[in-house]
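Let us walk through this structure one side chain at a time. Keep the sequence and the 3D view side by side as you read.

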Amino acid sequence: QVQLVESGGGLVQPGGSLRLSCAASGFTVSNYTMTWYRQAPGKERELVATITTTGGITNYADSVKGRFTISRDNAKNTVYLQMNSLKPEDTAVYYCSAKRAILGREYAYWGQGTQVTVSS
């Protein structure tokens, strides 16, 4: 059974740090482009960070560059999002997704999300 389970969210003060985890089962994360998205109340879902398969190339939204780092542990089949220097505007539900195209067909999986609240 394919599953993505996010964890690590919570309440943190501005300037603090959190590390989100996305544990995968039923497929191998290194074969998929893994992406963290977030959605704040009343706003559209936005891409936060991506890590590709070959070469592990990373890409970030301008709003998180220099503060967030996406990484992948193939042995644990888990993707992480290290978030530093958190700001109130980082408050959102964070989702992990996995995507891969095989013979023209796209496979996409989503986690249930984890809440991150940045507040004093």
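Begin at Thr50, which lies in strand E5, residues 46–51. This is a predicted model. Thr50 is buried, because its relative accessible area of 12% falls under the 20% cut-off. Its side chain makes a polar contact with the side chain of Thr35, at 3.1 Å. Leave aside residues up to four places away in sequence, and Thr50 touches Thr33, Met34, Thr35, Ile57, Thr58, Asn59 and Ile70.

Now turn to charge. Side chains of opposite charge can pair when their charged atoms come close. How many salt bridges are there? The count comes to four. One of them joins Asp90 and Arg38, with the closest N and O atoms 2.9 Å apart. Asp90 sits in the loop between strand E8 (78–83) and strand E9 (92–102), while Arg38 belongs to strand E4, so this pair ties together parts that are 52 residues apart in sequence. Are these two residues buried or exposed? Asp90 is buried, with a relative accessible area of 0%. Arg38 is buried as well, at 5%.

Asp90 has another partner. Its side chain also meets that of Arg67 in a salt bridge, 2.8 Å from N to O. Arg67 lies in the loop between strand E6 (58–60) and strand E7 (68–73), and Asp90 in the loop between E8 and E9, so the bridge ties together parts 23 residues apart in sequence. Both Asp90 and Arg67 are buried.

Another salt bridge joins Lys65 and Asp62, at 3.2 Å from N to O. Here Asp62 is exposed, because its relative accessible area is 65% and the cut-off for exposed is over 50%.

Next come the rings. A pair of aromatic rings is described by the distance of the centres and the angle of the planes. The structure holds four aromatic pairs. Phe27 and Tyr109 form one of them. Their rings are tilted, 5.1 Å centre to centre, with 40 degrees between the planes. Why does this pair tie together separate parts of the sequence? Phe27 lies in the loop between strand E3 (18–25) and strand E4 (33–39), and Tyr109 lies in strand E10 (residues 105–110), so the parts joined are 82 residues apart in sequence. Phe27 is buried, with a relative accessible area of 9%.

Tyr37 and Trp110 form another tilted pair, 5.0 Å centre to centre and 40 degrees between the planes. This pair links distant parts of the chain: Tyr37 is in strand E4 and Trp110 in strand E10, 73 residues apart. Tyr37 counts as buried, at 14% relative accessibility. Trp110 is partly exposed, with a relative accessible area of 36%.

Return to Phe27 and Tyr109. Together with Tyr32, they form one aromatic cluster.

Charge and ring also meet. Over the face of Tyr32 lies Arg100, 5.8 Å from the ring centre. Arg45 lies over the face of Tyr95, at 4.1 Å from the ring centre.

How values were computed
Residues numbered from 1 in each chain as written. Predicted model: local features only at pLDDT ≥ 70, side-chain atom pairs only at ≥ 80, totals over all residues. Heavy atoms only, no water. Phe/Tyr/Trp six-rings, centres within 6.5 Å; stacked < 30°, edge-to-face > 60°. Helix = DSSP H or I, 4+ residues; strand = E, 2+ residues; numbered from the N terminus. Buried < 20%, exposed > 50% of the residue type's maximum accessible area, 1.4 Å probe, protein only. Lys NZ or Arg CZ within 6 Å of the ring centre and 35° of its normal. Polar contact = N/O pair within 3.5 Å; in protein donor to acceptor, adjacent residues only side chain to side chain. Contact = heavy atoms within 4.5 Å.
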